[in-house]
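The sequence and coordinates come first.

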Amino acid sequence: MTWKDILKAPLSEREMAEVKEFMPEEMPIDPKLRQPGVDRRKARSTIEELERRIQSVKSAPPGLQQRSALQLLRGTAEVAGMPDASTKSLADISNFVREMKVRSKGNQSNSGTAA
C-alpha cells in the first residue's frame, strides 16, 4: 500500500480522533488570539540577537570578517521585519533596534494596564 492509498482511505471518527491526538496544534491566525507573553518573549529574544550581532560587527576586524558580520546582521534585521535591510548601514540597523525596544516597552506598559 502506497502513501497515496493511505491518504485516500476513509477514516472512521475513532481513527480520526486517534490521529488528531498526535497532530501538533495549529497556531491561531488572528493576532488577537495570540498570547501576549509569547510575543513579548519573541520580540525580546529578537532584540537581544540583533544587539549581539551589532556588537560582533563593531568588534570584528576591518575587512572580510566585518563585512561577513554585517551581512549576518542585515539578514537578522530583515527577518525581524526591517524593510530593505540588505541595503542598510550599521547605524540604520542600530536605530531600527532602538525603535523596536521602545515599541516593545510601550506594548508591555499598555498590556499591563488592560484588565
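The model is predicted, so local features need pLDDT of at least 70 and side-chain atom pairs count only at pLDDT 80 or more, while totals for chains, interfaces and linings use all residues. Residues are numbered from 1 along each chain as its sequence is written, and side-chain values use heavy atoms, without hydrogens and water.

Two salt bridges (a side-chain nitrogen of Lys or Arg within 4 Å of a carboxyl oxygen of Asp or Glu) are found in a search of the whole structure. In one, Arg53 pairs with Glu49, with 3.6 Å between the closest N and O atoms. Both residues belong to helix H3 (residues 36-59) and are four residues apart, about one turn of the helix. Helices here are DSSP runs of H or I with at least four residues, numbered from the N terminus.

Glu51 and Lys101 form a salt bridge with an N to O distance of 2.4 Å. Glu51 is in H3 and Lys101 in helix H5 (residues 90-113), so this pair ties together parts 50 residues apart in sequence.

The table gives relative accessible areas; partly exposed lies between buried (under 20%) and exposed (over 50%), with a 1.4 Å probe and protein chains only.

| Residue | Relative accessible area | Class |
|---|---|---|
| Arg53 | 26% | partly exposed |
| Glu49 | 28% | partly exposed |
| Glu51 | 27% | partly exposed |
| Lys101 | 34% | partly exposed |

Beyond its neighbours within four places in sequence, Ala77 is in contact (heavy atoms within 4.5 Å) with Leu50, Met82, Ala85, Ile93 and Phe96.

Conventions. Helices (H or I, at least four residues) and strands (E, at least two) are DSSP runs, numbered from the N terminus.
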